[in-house]
Amino acid sequence: MKQIYRFNEGNADMKDLLGGKGANLAEMTSLGLPVPAGFTITTTACVQFLKQENYFEQNLKKDILEAIHQLENETGKSFLTNEPILLVSVRSGAKFSMPGMMDTILNLGLNDIKVKAFAKLTDSSFAYDCYRRLIQMFGDVVYGIAKESFDKILAKYEASFSKNATDFSIIEQERVIEAYKDLYYIQQKEFPQDPIEQLFIAIKAVFHSWENPRAKVYRQLHDIPFNLGTAVNIQTMVFGNSGEESATGVAFTRNPATGEKKLFGEFLRNAQGEDVVAGIRTPQPLSELKKLQPNAYTDFIHYAEILESHYRDMQDIEFTIDKGQLFILQTRNGKRTAQAALSIALALVEDKVITKKEALLQVTPTMVEQLIHPVFDPKALEEASLLAEGLPASPGAASGQIVFTAEKAKEFHEKGRKVVLVRQETSPEDIEGMVVSEAIVTSRGGMTSHAAVVARGMGTCCVAGCEALTVNEENLMITCDHQVLTEGDIISVDGSTGRIYQSKLQTVTPISNQKLQLLLSWADEQADLSVRANAETLQDLTAAIDFGASGIGLARTEHMFFGENRILEMRRLILAEDDQEFEVALQRLLHFQQDDFYHMLEITNEKPMIVRLLDPPMHEFLPKDEQTIAELAASLNKSPTKINKQINQLHETNPMLGHRGCRLGITEARIYQMQVEAIFTSAIQLNQNGYNVKPEIMIPLIAEEKELIEVKRSLLQTIEDLFKKYDVTPFPFEIGTMIELPRACMTADQLAKEADFFSFGTNDLTQMTYGFSRDDIGKFLSIYKEKGILPEDPFQSLDQTGVGQLIQTAVTKARQTKSDMKIGVCGEVGGDPQSIAFFQQIGIDYVSCSAYRIPAARLACAQATL
Ligand code: ADP
Ligand code: MG
Ligand code: MG
């Protein structure tokens, strides 16, 4: 097996084998760019090395020696003996760039004797500068001796000799080097004098660095597989530190912050390697190179253009100028902000460099999310003091005064103040307070907790499950470590990172709406899946349509029973002791809901809207605290004792598995009938006024075909009666079911006989399949993740192997019964790119997610087809 490729043997498509850096060095070599000669040891060799003892000695050594020998021939220089001296760099480079994870060693091959010869050949200070750097980098990378301890020694000598290191005499330089070696000595290490030994040890260290903890954490964070290994590049040194005619620098072919088409970079004269980024001296902007080194500058412009048009993307280029001669040392697709990514992708399409499809791959769904939400000014963030970190539940950034109750939130808001609602967790009763808050913070609950779901729906920034905060709602106080915050204190909340800061921070909105709309229109052309919204308030429905929803996949009707007047009627209904009282409440609720549905359907009109009938258990609508119970008793003209008793009777041990969903629709058919009456009278009215509404009714929590038959029968009767009553020609409508129980998945062929459509409720389905309570998963999820038991929160990204299999089975079974059955997914994972890719594979028709996730989901749906 070939384990080593010279730069002139590989190409850019060999990233698996040669790593990103190696593959691009090879590609640039074949493009004829001035790349110092070298070779790459493959990632496969690294993997073997990490698996097998003695692999290096038995299988790799010989090949490396041969490659070095070839490099000596190619360059006409000598690595092993003295003159002319060949020095090399040993550079790590995995398939995916892992910045700062694995280090590079420069100037390898120097030793006590060769440095003297090198000094004679060049000039002494430069040669010793290289040697000193080698000893430092080698100590750091190979033996883990901190860079800073070397830096301290150098600073001490610079002070005592009162000059810069570059001006040291040979004797002074040797003093520093001795001191460096003492550092090794203290750690019982030695700097190897044999160049070959240096090389072997360095290569092994780079291989091993694949497994260092920092690299592991980075891979975990960025979903990079652990079994890839890193390649190692051995490359002839060129010297940016060989005098004032030399320099080293980095440049982007476009501005990585804005996307502007203009070379953007920096360089440092008489410097090497990481000096530019290390901030030792202030680098000069690239434009100044034009005056200092016009030839090298012109060459650079030329090569940068070649590289960008060759790779058809913005490039991040590392270069070095050695006594006026330019060398290119690395190129890769440059990292960029969301705004830049969007601008660059569109500009490249306009210039016919890339296709629309390729443009869709240059922007990520996360970037799209950033483009529609404000973020904190990066400069402000640098100086901000972090208070705590929780789950990034809903993106966005906002500052405001802390309040602990929904009432206070409203009160402050009415006085024109900006508030952040901080609670242990939120409940439906907090809605009005949540609406007026700039941000929402909870100390408990996960990514699908009430706060998280509602906040995402509203596009309000939210950090959930911030366990570091102890929220004392009674005493209006937050404690965090030793700090105490009280009502009115200002905090800043970053819902994209989960971080909470202690002061007010400035925000910026990098929005570029027209550009985004253009890109997303290309996405829609490409996508198979369409994107609907989970929305029910008029505000959310409007936002959903603005964000390009093809319809509404889930309008929950729960909220229609909250709100000031309604909740009383709902409570009256639940607590009714005779039919008359029940009917009174029902008629009033009907009145409210008719009005609601009229306005909702008016907004969506021809676009489909799935309305889900009442789902939660009854007691969620009942008050919990004594005072509200007393008030309720007064309004209903009952005794508080009586009400307390009724509430106790409604109590359930496992409400999530209790008297809810279609079970309510069956035991008390009049509630569902009332809802359907409200929907259809509104629809009839609208259609008479020239609208084209086709209601879609969804029945929740079906487990058994007969449940569906029962509910449907009663609803069809209601609808038929209404058409008669208003004397209108029946218009098309659909009655479907939510699939959110494992039994429903397994009997989907039977359910499909009765249902016009299916929509997978992945939140409940995941809860019911795993047996994980959505509201309690926060207590153990982080430990499960740490231990690698769960790679991620299954409520956020679909568990494809378990829940996904159930869904796939259900889809197959349903389409056996009805081949053209319309099947969607509503629930949090509907907005998750990875889950979307899975839904694409199994033939789902649409996903539905909260309004503010729609733009990102539209892009993800397009990417799923590419
Ligand atoms: P990283 O992956 O951290 O960017 P690199 O392998 O690119 O590490 O090395 C960092 C820097 O070291 C390069 O940008 C370049 O300035 C310098 N360098 C690496 N190899 C050489 C070489 N053969 N000659 C001169 N400088 C080099
Ligand atoms: Mg680099
Ligand atoms: Mg549900």
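How far apart do the end C-alpha atoms of residues 298–341 lie, and what share of the span is helix and what share is strand? In this predicted model, the distance between those end atoms is 27 Å, and the span is 41% helix and 39% strand.

**The annotated stretches**

Residues 298–341 are one part of a UniProt annotation, "domain: Pyruvate phosphate dikinase AMP/ATP-binding", taken from an unreviewed entry. The annotation also covers residues 16–54 and 57–286.

**The surroundings of ligand 1**

Ligand 1 is surrounded by 16 residues. The closest of them are Ser 89, Arg 91, Thr 104, Gly 273 and Glu 318.

Strand 3 (88–94), strand 5 (230–236), strand 9 (315–322) and strand 10 (325–333) each provide at least two of its residues. The shell can also be described by domain: domain 1 (4–236) and domain 2 (247–333) each supply at least three residues.

**Two residues with positive phi**

Most residues other than glycine have a negative phi. Lys 352 is not a glycine, yet its phi is positive, about 60 degrees. Asn 637 is likewise not a glycine and has a positive phi of about 65 degrees. The table lists where each one sits.

| Residue | Phi | Loop between |
|---|---|---|
| Lys 352 | about 60 degrees | helix 13 (338–350) and helix 14 (356–362) |
| Asn 637 | about 65 degrees | helix 24 (626–636) and helix 25 (640–650) |

Lys 352 has 7 other C-beta atoms within 10 Å, so Lys 352 is exposed. Asn 637 has 6 C-beta neighbours inside 10 Å and therefore also counts as exposed.

**A residue in a helix**

Glu 382 belongs to helix 16, which consists of residues 378–383. Glu 382 is exposed because 7 other C-beta atoms lie within 10 Å. Where does Glu 382 stand in relation to Leu 751? The two are 369 residues apart along the chain, and their C-alpha atoms are separated by 56 Å.

Definitions and conventions:
Residues are numbered from 1 along each chain as its sequence is written. Chains are lettered from A and ligands numbered from 1 in the order in which they are written. This is a predicted model: local features need pLDDT of at least 70, side-chain atom pairs count only at pLDDT 80 or more; totals for chains, interfaces and linings use all residues. A residue is near a molecule or strand if its C-beta atom, placed from the backbone, lies within 6 Å of it. Helices (H or I, at least four residues) and strands (E, at least two) are DSSP runs, numbered from the N terminus. Domain bounds come from an automatic or database domain assignment. UniProt positions are given in the numbering used here, feature names are shortened, and annotations may be inferred rather than shown by experiment. A residue is buried if 20 or more other C-beta atoms lie within 10 Å of its own, exposed if 12 or fewer, and partly exposed in between; C-beta atoms are placed from the backbone.
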